[in-house]
Amino acid sequence: MFYFITALFLPPAVTDDTLVIVNKSSNELVAYQYGEAIFQSEVATGKTKELTPEGEFTFKVKAIDPYYRKKDIPGGDPENPLGSRWIGFDAKGTDGRIYGVHGTNDPDSIGKAVSAGCIRMENEKVEKLYSLVKEETDIIITSETVEFDELYENWEKDQLKQILGG
């Protein structure tokens, strides 16, 4: 009986989808599931505000030990700047092949604005995130000074509107 009464007053999470939010101002990433923050990490973002695109995107590509085409460095090589994982998202129509969340061979860069546009994480952290997200998971990238929980709640309201058709 108690469960039924509390269920009337506590709204369930609108969706069980995972959402990843990156704030370029604080160089932090938070992943949400069922309305709760389940993962948080420091990240590195673009050297300039324009390099890491802002908006809502979708992860399209996941790769273990990604190949670094620009300098022909195989996956798993200690010189590979992409680290141990690649989770590419569809910013600027790139279908997950240009922009992504990835590991790094330079852990001292984490927490700074130093990348060419991607979002870098320590390899151990990106491996954890990799296990939490799937292709078609949404990612929001912002530089606004808004709390992560507020961004999540706004995203969830948008999901509800889509579900209800309005």
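## Val22 and its surroundings

Leaving aside neighbours within four places in sequence, Val22 is in contact (heavy atoms within 4.5 Å) with Glu28, Leu29, Val43, Thr45, Ile119, Ile139, Ile140, Ile141 and Thr142. Val22 lies in strand E1. Helices (H or I, at least four residues) and strands (E, at least two) are DSSP runs, numbered from the N terminus.

Is Val22 buried or exposed? Val22 counts as buried, at 0% relative accessibility. Buried means under 20% relative accessible area, exposed over 50%, and partly exposed in between, with a 1.4 Å probe and protein chains only. Val22 and Val101 are 79 residues apart in sequence, and their C-alpha atoms are 10.0 Å apart in space.

## About the model

This is a predicted model: local features need pLDDT of at least 70, and side-chain atom pairs count only at pLDDT 80 or more, while totals for chains, interfaces and linings use all residues. Residues are numbered from 1 along each chain as its sequence is written, and side-chain values use heavy atoms, with hydrogens and water left out.

## The chain as a whole

The chain has 3 helices and 10 strands. Along the sequence they follow the pattern α-β-β-β-β-β-β-β-β-β-α-β-α. The C-alpha atoms fill a box of roughly 60 × 30 × 30 Å, taken along the principal axes.

With 166 residues, a compact globule would have a radius of gyration near 15 Å. The chain has 17 Å, which agrees. This radius is taken over C-alpha atoms, and the globule rule is 2.2 Å times the number of residues to the power 0.38. Of the 166 residues, 43% count as buried. Take the contacts between residues at least 6 apart in sequence: 59% of them join residues at least 24 apart.

## The sheet

Strands of a sheet pair through backbone hydrogen bonds, either parallel or antiparallel. Here, two strands pair if DSSP finds at least two bridges between them. An open sheet of 8 strands has the order E3-E2-E1-E10-E5-E6-E7-E9, with mixed pairing. Its edge strands are E3 and E9 (119–120), and each pairs on one side only.

E1 and E10 run parallel, joined by 5 bridges. Within this pair, Val22 has Ile141 as its bridge partner. E5 and E10 pair in the antiparallel sense over 4 bridges. Gly55 stands opposite Ile141 there. E5 is also joined to E6 by 5 bridges, and these two run antiparallel. In E6, Gly88 is the bridge partner of Val61.

## Strand E10

How many of the 5 residues of E10 are buried? The count is 5 of the 5 in this strand (residues 138–142), so E10 is largely enclosed by the rest of the structure.

In a regular strand the side chains alternate between the two faces of the sheet. Both faces of E10 are covered. Asp138, Ile140 and Thr142 are buried on one side, and Ile139 and Ile141 are buried on the other.

## Helix H2

Helix H2 spans residues 123–132, and its buried residues are Val126, Leu129, Tyr130 and Leu132. Seen down the axis of H2, they fall within an arc of 160 degrees, so they line one face of the helix. That arc is made by the directions from the helix axis to the C-beta atoms. On the other side of H2, Glu124 and Ser131 are exposed.

What do the buried residues of H2 pack against? They pack against strands E1 (19–23), E2 (28–33), E3 (36–42), E5 (55–64), E6 (85–89) and E7 (99–102).

## The nonpolar cores

A nonpolar core is a set of buried Ala, Val, Leu, Ile, Met, Phe, Trp, Tyr and Cys residues joined through side-chain atoms within 4.5 Å. The largest one has 22 residues. Those with the most contacts inside it are Val20, Leu29, Phe89, Val101, Leu129 and Ile139. E1, E2, E5, E6, E7, H2 and E10 each supply at least two residues of this core. H2 gives the most, with 4 residues.

Apart from this core lies another, of 9 residues, among them Leu19, Val30, Tyr32 and Tyr152.

## Ser84 in its loop

Ser84 sits in the loop between E5 and E6. Ser84 is buried, with a relative accessible area of 9%. Beyond its neighbours within four places in sequence, the residues in contact with Ser84 include Ala63, Asp65, Gly103, Asn123 and Val126.

The side chain of Ser84 makes a polar contact with the side chain of Glu127, at 2.7 Å. A polar contact is a pair of N or O atoms within 3.5 Å; within protein, one must be able to donate a hydrogen and the other to accept it, and residues adjacent in sequence count only if both atoms are side-chain atoms.
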